[in-house]
Each structure stands twice: as structure tokens, then as C-alpha cells.
Amino acid sequence: MKLRIEKHQLHFIKPAKASRGAYTEKTAYLLILDTEFGQFLGEVSPLPDLSIDGKADFEHLFNQGLSQLNKENLNTHDLLNLQEEWSNYPALRFGINCIISDLVSTLRVLGIDFSEPSIIGSNYPSSAFLPSTSIPVNS
């Protein structure tokens, strides 16, 4: 599995009004997990001045999180470690949670056994049970 990030600048047709002003544009990121089963996406889209992590440098955090991992051949443990590492950044955590949830659903549909609950700590919902081995990716 390979995880990457894409930055997108969104321009609003009409200003989006919020308690701390109006937004005419915002930056959003897509976390993209490429696997042999397809792509899994997670959105990272905080609002500056409203979100706790609204001014975080997500590209830096992303690269820092992956710096100790094999970016070309991630396994499910790596995804869970990133989820924990990004626990102070709700937008990043939401993005990785979306990917994990989508991946789990797909594995269930494909009938792939991932009954290793021991790899999931008490902080993770039962729906986050993932296989204990890496899923190979065809190049």
C-alpha cells in the first residue's frame, strides 16, 4: 500500500459565512491510499481560525509521519500508527479514519479474513479490525 497527499485550493462561488468571518477560498487535502483493491480516500479540510488545526502545515505533518515508514509498502499497522501519531490533529485523523473505514469495508466485502483484534488497542472501534500482515500492491 502506498499513501500520498494532494493539495487542492477551493474557490467558493459565494462567500461561506462563519462565526469568525467569511471564506472565499480554502485549502483542502486528499489522503490517497493506493492498494491492489483500488484507491481509498480521506479528506483533510480544516477551516483556518475555526479548526483547532486550521493553521497546521499538513504536508509537513504528513511527510514527518511517513518519514519512519516505508512509503511504498505500508501495512495496516502503519495506518494505525499514523492515526495515533496524528491524534492532536483532528482533520488528519479524520482523513486517515475515512481511509481505514473504507479499507475495512472493502476487505469485508471481498471476504478477506482480518480477525486479528489483538492489533487494535482499546482506542479503536471494533470496525477498525485490520489484517495483521501487509497487503501487497501490484506495480
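Reader: Which residues is Asp78 in contact with, once its neighbours within four places in sequence are left aside?
Author: In this predicted model, Asp78, which is found in helix H2, is in contact with Leu69 and Asn73 when those neighbours are set aside. A contact here requires heavy atoms within 4.5 Å.

Reader: What makes Asp78 count as buried?
Author: The relative accessibility of Asp78 is 11%, and the term buried applies under 20%, so Asp78 counts as buried. For the protein chain as a whole, 35% of the 139 residues count as buried.

Reader: Which residues of H1 are buried, and how do you know on which side of H1 they lie?
Author: The buried residues of H1 are Phe58, Leu61, Phe62, Gly65 and Leu66. They cover an arc of only 125 degrees around the axis, and therefore they are on the same side of H1. Among the elements that cover these buried residues are strand S1 (2–18), S2, S3, H2 and H3. As for its placement, H1 lies across S1, S2 and S3, and runs at about 160 degrees to S1.

Reader: Why is the set with Leu3, Leu31 and Leu33 called a nonpolar core?
Author: The name is given to buried residues of the kinds Ala, Val, Leu, Ile, Met, Phe, Trp, Tyr and Cys that are joined through side-chain atoms within 4.5 Å. The largest such core has 24 residues, and those with the most contacts inside it are Leu3, Leu31 and Leu33. Strand S2 (21–35), strand S3 (38–44), helix H1 (58–66), helix H2 (76–85) and helix H3 (90–109) each supply at least two residues of this core, with the largest share, eight residues, coming from H3. In soluble globular proteins, nonpolar side chains tend to be buried together.

Reader: What makes S1 and S3 the edge strands of the sheet?
Author: The sheet is an open one of three strands, in the order S1-S2-S3 and with antiparallel pairing. Each of S1 and S3 pairs on one side only, and that is what an edge strand does. Neighbouring strands of this sheet are turned by 25 degrees against each other on average, direction ignored.

Reader: How do you know that S2 pairs with S1 and also with S3?
Author: Pairing requires at least two bridges between two strands. S1 and S2 run antiparallel and are joined by 13 bridges, while S2 and S3 pair in the antiparallel sense over seven bridges, so both pairs meet the requirement. As particular cases, Gln9 has Thr27 of S2 as its bridge partner, and Leu30 stands opposite Glu43 in S3. S2 is also joined to S3 by a hairpin, through two residues.

Reader: In what order do the elements of the protein chain run?
Author: The protein chain has three helices and three strands, and from the N terminus on they run β-β-β-α-α-α. Of the contacts with a separation of 6 or more, 57% come from residues 24 or more positions apart.

Reader: Where is the confidence of the model lowest and highest among these elements, and over which residues is the pLDDT below 50?
Author: The mean is lowest in H1, at 82, and highest in S3, at 92. The protein chain averages a pLDDT of 77, and 78% of the residues score at least 70. Over residues 115–139 the pLDDT is below 50, although this stretch has 47 contacts in the model beyond near neighbours in sequence.

Conventions
Residues are numbered from 1 along each chain as its sequence is written. This is a predicted model: local features need pLDDT of at least 70, side-chain atom pairs count only at pLDDT 80 or more; totals for chains, interfaces and linings use all residues. Side-chain values use heavy atoms; hydrogens and water are left out. Buried means under 20% relative accessible area, exposed over 50%, partly exposed in between (1.4 Å probe, protein chains only). Helices (H or I, at least four residues) and strands (E, at least two) are DSSP runs, numbered from the N terminus. The arc is that of the directions from the helix axis to the C-beta atoms. Axes are lines fitted to C-alpha atoms, for helices over the stretch in contact, and angles run from 0 to 180 degrees between N-to-C directions. pLDDT is the predictor's confidence in each residue, from 0 to 100.
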